[in-house]
Amino acid sequence: MVTLRFFRSLCYTLPLVFLFSFRPPPADAPPFAGMENDILRLVNQYRHSKRLPPLQINHLESTVAEQHSRDMASGRTPFGHEGFNQRSAYLNKKMGPIRVVAENVASGQMSAREVVDGWLHSPGHRRNIEGDFKLTGIGLARGSRGMIYFTQIFTR
């Protein structure tokens, strides 16, 4: 039996962006690069259907998202948004002033489409996907029992 878990999404406005063009992963890319690209493509297809501009991938955000997924996969951090304020502060320090940061997480043995569909059927996750964001980072990690942990970070 496959268990799918979606954690409520978070979005914080900070009192307080870098565009990177999307490039195909290099030959030595991590094993989830294709799935990360598929998640971005599916999210942007949905945003296009709502007449919203596409999100641009930000490699720093993807690195932070992947580390959070690794932390959840290894059990260093429980499944959810623990450490979100620290991730937000780090991105703000490295990228310059960020006004809003949001995060979606999920876990399960799912395809990119199943992850995005799950987020779209959750009001909080969908609100982040439809939000007034410009940049995103996506990171995945597999736990020792095969469970995949997904993190998507959004910024403006």
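In helix H2, the buried residues are Glu-61, Ser-62, Val-64, Ala-65, Glu-66, His-68, Ser-69, Asp-71, Met-72 and Ala-73. The model is a predicted one. The protein holds five helices and five strands, arranged along the sequence as β-α-β-α-α-β-α-α-β-β. It has 156 residues, of which 51% count as buried, and it exposes about 8300 Å², with 54% of that area supplied by carbon and sulfur atoms.

**Helix H2 and its ends**

- The partners of the buried H2 residues are strand S2 (56–57), helix H3 (84–95), strand S3 (100–108), strand S4 (135–142) and strand S5 (148–155).
- An α-helix has 3.6 residues a turn, so residues three or four places apart point the same way.
- Where H2 starts, the backbone nitrogen of Leu-60 has a side-chain oxygen of Asn-58 within 3.0 Å.

**Nonpolar cores**

- The largest nonpolar core comprises 23 residues, and the members that touch the most others are Ile-39, Trp-119, Ile-129 and Phe-150.
- At least two residues of this core come from each of helix H1 (33–49), S3, helix H4 (112–120), S4 and S5.
- Another core, of nine residues, lies apart from it and includes Phe-84, Val-101, Leu-135 and Ile-153.

**Strand S4 and its partners**

- Strand S4 is largely enclosed by the rest of the structure, because seven of its eight residues are buried.
- S4 pairs with S2 in the parallel sense over two bridges, and Ile-57 stands opposite Thr-136 of S4.
- S4 and S5 run antiparallel and are joined by eight bridges; Ala-141 faces Tyr-149 of S5 across this pairing.
- These two strands, S4 and S5, form a hairpin with five residues between them, and Gly-146 in the turn has a positive phi of about 90°.

**Arg-51**

- Arg-51 belongs to the loop between H1 and S2.
- Although Arg-51 is not a glycine, its phi is positive, at about 60°.
- The relative accessible area of Arg-51 is 79%, which means that this residue counts as exposed, the cut-off being over 50%.

Key:
Residues are numbered from 1 along each chain as its sequence is written. This is a predicted model: local features need pLDDT of at least 70, side-chain atom pairs count only at pLDDT 80 or more; totals for chains, interfaces and linings use all residues. Side-chain values use heavy atoms; hydrogens and water are left out. Helices (H or I, at least four residues) and strands (E, at least two) are DSSP runs, numbered from the N terminus. Buried means under 20% relative accessible area, exposed over 50%, partly exposed in between (1.4 Å probe, protein chains only). Accessible areas come from the Shrake-Rupley method with a 1.4 Å probe; for residues, only the protein chains shown count as cover. Contact means heavy atoms within 4.5 Å. A polar contact is a pair of N or O atoms within 3.5 Å; within protein, one must be able to donate a hydrogen and the other to accept it, and residues adjacent in sequence count only if both atoms are side-chain atoms. A nonpolar core is a set of buried Ala, Val, Leu, Ile, Met, Phe, Trp, Tyr and Cys residues joined through side-chain atoms within 4.5 Å. Two strands pair if DSSP finds at least two bridges between them.
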